[in-house]
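Reader: I'd like to learn how to read salt bridges in a protein model. Could you walk me through it?

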Amino acid sequence: MIRLKFFLRSLFAIFQKKYCPYCGGTDLTFNQRKYIVTSLLKCNNCGLLHRHPKDPAGFTKKFYQTEYKIDVEMMTDLPSASELEVFKKNIFKDLRDYFPLIKPLYHQTDGIKVLDYGCSWGYNVYKFKNDGLDAVGYELSVPRAKFGEENLGVKIYSDEGKTRLDNDVIFSSHVIEHLNFIQDFFALSKRILKEDGIFMAVCPNGSREYQDRDPARFKGTWGVMHPLYPDIDFATHVFKNNPYLVLTADWPFDYEKIKNWDGKSQYIGTREGYELLIIAKPNININSLSKNGKSVLDEHMQVQ
């Protein structure tokens, strides 16, 4: 039913103006077609791969309240009381552990303030708190946020205007590909992070190298629920003035590269992995970081 609704929605909007949902650019390159009436376009200005036609204004908020489902059902379906007790007892051990992405960035992590953006009903917030992080969440779906607060004892915001400020890390796992207007997320990240705060996002990798490696899986990743397909070109464009570390992998990522990143330079790893990891410091301008009057870029700093 969701796919049929998507097809009809796209069909009726097929003559919608084509433009980049991040920078507004109209210099676009066609990548591939899907469901006859939808196409994947790449912006030649900022590099963002995005779906055409776009969903109407207000659609995302409504959709994620009730209709959103994924194959890993416990991430979207609310568990029974007995299921929940098992999950809590084993600290959601069957779910991917994202703490190893954050740990290498700090000498000690106890009390590090993390906001998990798009946290569903808060299972990763719960895991982060168990690891000693001062973790809270943000979730667009009010029912899921309420369930997490009531049953996991975690704080989950549903109003971006009221989210906690002064965070050390804003983290998101497979969220940004769902956003229609991703620039709002970057603006929020800058606002709620400390000056030296870290933006961290894991999402599907839209880079050409991955598309060439696994074309079938690449095509299956964008569409109904993923209007965006961020890649390395886009990530480095967004954070071109900031320190960043951009990696790809089939999971897990190379934790040593994260540990060795100096937090001042710009580094890109391999490009062909299934998932993309973006780590950046959006409130720091890399050109202001200098040593003896020399930019860190001029020193060609690399992660060893």
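Author: Happy to! A salt bridge here is a side-chain nitrogen of Lys or Arg within 4 Å of a carboxyl oxygen of Asp or Glu. The general idea is that side chains of opposite charge can pair when their charged atoms come close. Keep in mind that this model is predicted.

Reader: How many salt bridges does that rule give?

Author: The count comes to 13 salt bridges. Let's start with R271 and D233, whose side chains meet at 3.9 Å, N to O.

Reader: Which parts of the chain does that pair tie together?

Author: R271 lies in the loop between β11 (266-268) and β12 (275-280), while D233 is in helix α10 (residues 232-238), so the pair ties together parts that are 38 residues apart in sequence. Salt bridges that share partners also join K42, D231, D233 and R271 into one network. As for accessibility, R271 is partly exposed at 28%, and D233 is partly exposed at 37%.

Reader: Where do D168 and K194 sit?

Author: D168 is in strand β7 (residues 167-173) and K194 in strand β8 (residues 193-204), 26 residues apart, and the pair links distant parts of the chain. Their closest N and O atoms are 2.9 Å apart. D168 has 12% relative accessibility and counts as buried, because buried means under 20%. K194, at 27%, counts as partly exposed.

Reader: And D94, is that residue buried or exposed?

Author: D94 is exposed, with a relative accessible area of 64%. Its salt-bridge partner is K93, with the closest N and O atoms 3.3 Å apart. K93 is exposed too, at 58%.

Key. Residues are numbered from 1 along each chain as its sequence is written. This is a predicted model: local features need pLDDT of at least 70, side-chain atom pairs count only at pLDDT 80 or more; totals for chains, interfaces and linings use all residues. Side-chain values use heavy atoms; hydrogens and water are left out. Buried means under 20% relative accessible area, exposed over 50%, partly exposed in between (1.4 Å probe, protein chains only). Helices (H or I, at least four residues) and strands (E, at least two) are DSSP runs, numbered from the N terminus.
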